[in-house]
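Please have the sequence and the 3D view open while reading.

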Amino acid sequence: MSYIVFDLEWNQSPIGQAGEHPRMPFEIIEIGAVKLDENYNIIDEFSRLVKPRIYTKIHKVIRQMLSYDEKILRKDGIPFKQACSEFLKWCGDDPAFCTWGSSDLYYLQNNMDFYYMKKMIFPLKYYNIQQIYADKYDPEGNICKLEKAVEDMGLVDSEPFHTAMNDARYTAKVLEVSGLGDISDKFTFDIYRHPKKFEDRVEAFHDDRIDEISEEFPSKRAAMADKSLSTIKCVKCGRKTGRKIKWFPYTGSTDMAVGKCLYHGFMAGTVKCKQVGDSTDNIFILKKTVPISRAEYEHIKERERQVYAKKREKERQKREAARAAVAKN
């Protein structure tokens, strides 16, 4: 296995959504990557400019960030299919992709699909260095831009950001010097593709957590009626936990529940719904389970109380408004 830290630059329609291609909203114009040894030292590099086919004029906002323009892309760029094929060959047979954020792998596969290239393996693991860095250095796990991480680590030099090659190098340097240690168990799953049926469902016990990606369901209600999804398992032993807090809307996009293992304590589960993105209204579920302390359990319990108190107050106000409307008439 080789760690491949890569970064992409992409362009979009210079006239907004009216000129956007439905199959490729973002067109890759540069691929930059570095290959690392077991100590995160750079041992090889890869760089290609890509000649655009769909958006031949660079969007004005993107142009301000780049150190090259359309003339350079036309002169030095090569077709995407050639550039991507050379990149994947350079990566080798067992690459461990590392990126700053979750977008690069998504748009790489989107561009590959546009040109009907062979799909990547499924499920596709990768290392989100941005989130791994945030989990270590921010108490809330809030992510930051690459520029800030580089500055915080004292790594800034004369090379500009927002070229794929330089950003890949900077990401690799953050990985090397920021004390993240062995990241081999800190992978996540890319969700450009998702399970279509139960047999393809993803479940991984790693990094003191359980990650799950479900198959498609017609609705969130149908998904949460699935016992295997709604059940909280113990991260340590895999046993079913006893329910302490039932599923409730923790934030606008996340539901949460808490169970307790007789042997290993409290476990918190979170679920997020993701739209399939085709002509159907189907969704799939991202679920994560982690161990929590009693103090964290009490905090979640209080959050549940607040959520339902607010819901009851809204229902009361709605009833009063209805009664007032009847009385007025």
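A residue counts as buried under 20% relative accessible area, as exposed over 50%, and as partly exposed in between. The model discussed here is a predicted one.

- Six strands make up an open sheet in the order E3-E2-E1-E4-E5-E6, and the pairing is mixed.
- Its edge strands are E3 (42-49) and E6 (188-189), each of which pairs on one side only.
- Strands of a sheet pair through backbone hydrogen bonds, in either a parallel or an antiparallel way.

**Strand E4 and its neighbours**

- Strand E1 (residues 2-11) runs parallel to E4 and is joined to E4 by 4 bridges.
- Tyr3 has Ala96 of E4 as its bridge partner.
- Strand E5 (residues 125-128) also pairs with E4 in the parallel sense, over 2 bridges.
- Cys98 stands opposite Tyr127 of E5.
- Between E4 and E5 the chain passes through helix H4 (residues 103-114), a β-α-β crossover that is right-handed.

- Helix H5 (residues 129-137) lies across E4 and E5, and runs at about 50 degrees to E5.

**Aromatic residues**

- A search of the whole structure gives 21 aromatic pairs.
- In the pair of Phe87 and Phe97, the ring centres are 6.4 Å apart and the planes stand at 35 degrees, so this pair is tilted.
- This pair links distant parts of the chain, 10 residues apart: Phe87 belongs to helix H3 (residues 80-91) and Phe97 to strand E4.
- Phe87 is buried, at a relative accessible area of 0%, and Phe97 is buried at 5%.
- For Tyr106 and Tyr107 the centres are 5.3 Å apart and the planes are at 80 degrees, so the pair is edge-to-face.
- Tyr106, with 36% relative accessibility, counts as partly exposed.
- Tyr107 has a relative accessibility of 17%, which is under 20%, so Tyr107 counts as buried.
- One aromatic cluster is formed by Phe6, Phe46, Phe87, Trp90 and Phe97.

**Charges over rings**

- Trp90, a member of that cluster, has Lys35 over its face, at 4.7 Å from the ring centre.
- At Tyr137, the charged end of Lys136 sits over the ring, 5.7 Å from its centre.

**Thr289**

- Which strand holds Thr289? Thr289 is in strand E12 (residues 283-291).
- Thr289 is buried, with a relative accessible area of 0%.
- Leaving out residues up to four places away in sequence, Thr289 touches Arg209, Ile210, Ile232, Lys233, Val235, Met267, Ala268 and Gly269.

Definitions and conventions. Residues numbered from 1 in each chain as written. Predicted model: local features only at pLDDT ≥ 70, side-chain atom pairs only at ≥ 80, totals over all residues. Heavy atoms only, no water. Pairing = 2+ DSSP bridges. Right-handed = clockwise from strand over helix to strand, strands pointing away. Phe/Tyr/Trp six-rings, centres within 6.5 Å; stacked < 30°, edge-to-face > 60°. Buried < 20%, exposed > 50% of the residue type's maximum accessible area, 1.4 Å probe, protein only. Lys NZ or Arg CZ within 6 Å of the ring centre and 35° of its normal. Contact = heavy atoms within 4.5 Å. Axes fitted to C-alpha atoms, helices over the stretch in contact; angles between N-to-C directions.
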